[in-house]
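Please go through the points below with the model open beside them.

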Amino acid sequence: MLCAFIVIGVVPLSFFTMVILNTYEEKAINNRIAEMQSQGNMLANLLLPTGYLTTGGIAEIDIAVSRIAELYQGRILIVNKNLNIIKDTYALEDGRYLVSEEVIQSFNGNNISIADRENRNIKLTYPILDNSTKEIRGVIVMNGSTKDIYSVRNSIEQRAVLFALTLAILIMVFAIIFSGKLTKPLTSVVNFIDRLSEGYLEDGFTIKGYNEIEKISDSFNHMIVKMRKLENSRQEFVSNVSHELKTPITSIKVLADSLLMQEDTPVELYREFLTDITEEIERENKIITDLLSLVKLDKTAGDMNIATININDLLEQILKRLGPIAKKQNIELIYESFRPVLADVDEVKLSLAISNLIENAIKYNTEDGWVRVSLNADHKYFFIKVADSGIGIPEDAQDFIFERFYRVDKARSRESGGTGLGLAITKNVIQMHRGAIRVYSKEGEGTTFNVRIPLNYIS
Ligand SMILES: Nc1ncnc2c1ncn2[C@@H]1O[C@H](COP(=O)(O)OP(=O)(O)O)[C@@H](O)[C@H]1O
Ligand SMILES: [Mg+2]
C-alpha cells in the first residue's frame, strides 16, 4: 500500500516536472535565438551604410559589436565578402579567413542557428544583405552562452526534487497513519467475526472509525439480533417437536400399562384401549408426516417443481377431495371462480398449502356452516380467498397462527387431528412462490385467508 501511494503520488509529479522543465528550456532557447537574430539584423543595418565591411575600424561600431557580444557573454565575428575576418570581439583572429559550412550557407542567404546543449551555447550566422543590390556583403557569426537558461532550469529542478521528496515523505507518513487507522477497526471486525463463529452470540459490537466502518458494525448488530431470534426459534422448535412427539407415546404407554396391570380384563376394554392406542399412533404418524414435509420444504427451498397449471382445476380437485369431511359436519363448500387462471406453480406444494387452509376452514367451523373458496387474477397475480363462517381467531392470536405448533385451542385442534403445523407449511409454500398470505378474522363470526401469488414464477 505504501508503495502504491508513492507511485501514485510521486511518479506523476516527476513526470510533470520533466515536461515543464523541457518546455521551459525549449522556449527560453528559442526566445534567445530570436533575440540574437534581431540583434544581428540591427548590426547588419548599422554596418551596411558604412564602409566598415571593406575598411573596418569605425570606433562606434566596434563598441556596438562588443556590447552585443558582452550582452550574450559570447563572441562576435564579422566576415566580409572575401571570407576575411574583419572583426573578432576576442581579437584573436582578426585578418584571418573563416571558411565554415555555416558561413558558406549564410553567403547563400541562409540564416543559421544551432543550439548546442552540451556546451550550453547558441551559434548563429547571419547574412548581411544589401537590400538595394540584393547582394550579400558579409556574414555575422555570433556565439552566445545559454548558461543562464540552464542555471534557471537547474534551480527549478532542484526545487521540484525537493518538493517531490517532501511529498513522498508526507505521503509515507500519511499512509502509515491511515493504514493504521483503517486496519485497526477492521481487525476488530475480524476478531468479532471469529467470536461469532465460535458461537458467542450474546455480545453486541461497536467500533469507532469512519462512517463506513461504523455502518459495518451497525449491520453486524442487526445480523446478530436476527441470528439470536433464529437461534431462539430453533431451540423452541426442537423442544416443541420433542414435546409433540412424546405426547402420543405417553398416552400409548399409559393405555398399555393400565391394560397390563389389570387381571382378567374384559375383551371390550381391550378393544376400547387398543382403539385409543391406534388413534394415538395415527396422530404420531400425522405429526411425523407434517414435520417431514416442513423440513423438506426448508431443505429444498431451491428446487421448486414449476409447471404451468390450471388453478381452477387444482382448486376443484382439492374441494372434491375434502367434500366428504365437510359433509360429515354438514358444512357447505362453495367454489367461485371469476376467470380461468393459468400460473407457474409447484402443483404438489401449492395443493398442500391450499388444502391446509380449506381443512382449517372446515375444522374450525360451526355446525351447518359454510366455506367459500374463490379465485381471481389480474395481469400479475392470482388471488385465492378462503372464507368461513367458523369460530374465528382472537385478535391477539392472529400474529402467531403461522408459527409452528401454535394452536389457539389445543384440545380442539387435537380432537380434529391437528398438529399445529398446517399454517406454517402453508406460509412456507406461499413464500417459496414469492407470494403473500393475510388473515382477517373476528371471533365468533368467521375467518378469511387471502393468498396472493405471482402468475409467473420469480426464481
Ligand atoms: N379458519 C380458521 N378458523 C379459526 N381458527 C383457525 C383457522 N385456521 C387456523 N386456525 C387456528 O390456527 C391454529 C393453527 O392452524 P394450523 O397451523 O393449521 O394448525 P392445526 O393443526 O391446529 O390446524 C389452529 O390451531 C387454529 O386455532
Ligand atoms: Mg390445520
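Is Phe-383 buried, partly exposed or exposed? Phe-383 is partly exposed, because its relative accessible area is 30% (buried means under 20% relative accessible area, exposed over 50% and partly exposed in between, with a 1.4 Å probe and protein chains only).

This is a predicted model, in which local features need pLDDT of at least 70 and side-chain atom pairs count only at pLDDT 80 or more, while totals for chains, interfaces and linings use all residues. Residues are numbered from 1 along each chain as its sequence is written, chains are lettered from A and ligands numbered from 1 in the order in which they are written, and side-chain values use heavy atoms, with hydrogens and water left out.

1. Aromatic pairs. The whole structure holds 5 aromatic pairs. One of them is tilted: the ring centres of Tyr-381 and Phe-383 are 6.4 Å apart and the planes stand at 50 degrees. Rings of Phe, Tyr and Trp (its six-membered ring) pair if their centres lie within 6.5 Å; planes under 30 degrees apart count as stacked, over 60 as edge-to-face and the rest as tilted. Tyr-381 is partly exposed, at a relative accessible area of 21%.

2. Charges over rings. Tyr-381 also has the charged end of Arg-452 over its ring, 4.4 Å from the centre. In a second case, Lys-427 lies over the face of Phe-402, 5.2 Å from the ring centre. The criterion is NZ of Lys or CZ of Arg within 6 Å of the ring centre and within 35 degrees of the ring normal.

3. A strand residue. Ile-453 belongs to strand β12, residues 446-454; helices (H or I, at least four residues) and strands (E, at least two) are DSSP runs, numbered from the N terminus. Ile-453 is buried, with 0% relative accessible area. Neighbours within four places in sequence aside, Ile-453 is in contact with Leu-350, Lys-380, Tyr-381, Phe-382, Ile-430, His-433 and Gly-435 (contact means heavy atoms within 4.5 Å).

4. Helices α4 and α5. How do the axes of α4 and α5 cross? The axes of α4 (residues 147-197) and α5 (residues 211-261) come within 11 Å and cross at roughly 10 degrees, which makes α4 roughly parallel to α5. Axes are lines fitted to C-alpha atoms, for helices over the stretch in contact, and angles run from 0 to 180 degrees between N-to-C directions. Angles under 35 degrees count as roughly parallel, over 145 as roughly antiparallel, 65 to 115 as roughly perpendicular and the rest as oblique.

5. Composition of that contact. From α4 come Leu-182, Pro-185, Val-189, Phe-192, Ile-193 and Leu-196, and from α5 Ile-213, Ile-216, Phe-220, Met-223 and Ile-224. By class, the contact of α4 with α5 has 11 nonpolar, no polar and no charged residues. Here Ala, Val, Leu, Ile, Met, Phe, Trp, Tyr, Cys and Pro count as nonpolar, Asp, Glu, Lys and Arg as charged, and the others, Gly among them, as polar. Lys-226 is also found in α5 and is exposed, at 56% relative accessible area.

6. Positive phi. Most residues other than glycine have a negative phi. Gln-73, not a glycine, has a positive phi of about 50 degrees; Gln-73 lies in the loop between α2 (59-71) and β1 (75-80) and counts as exposed at 59% relative accessibility. Arg-120, also not a glycine, has a positive phi of about 55 degrees and lies in the loop between β3 (112-116) and β4 (121-130).
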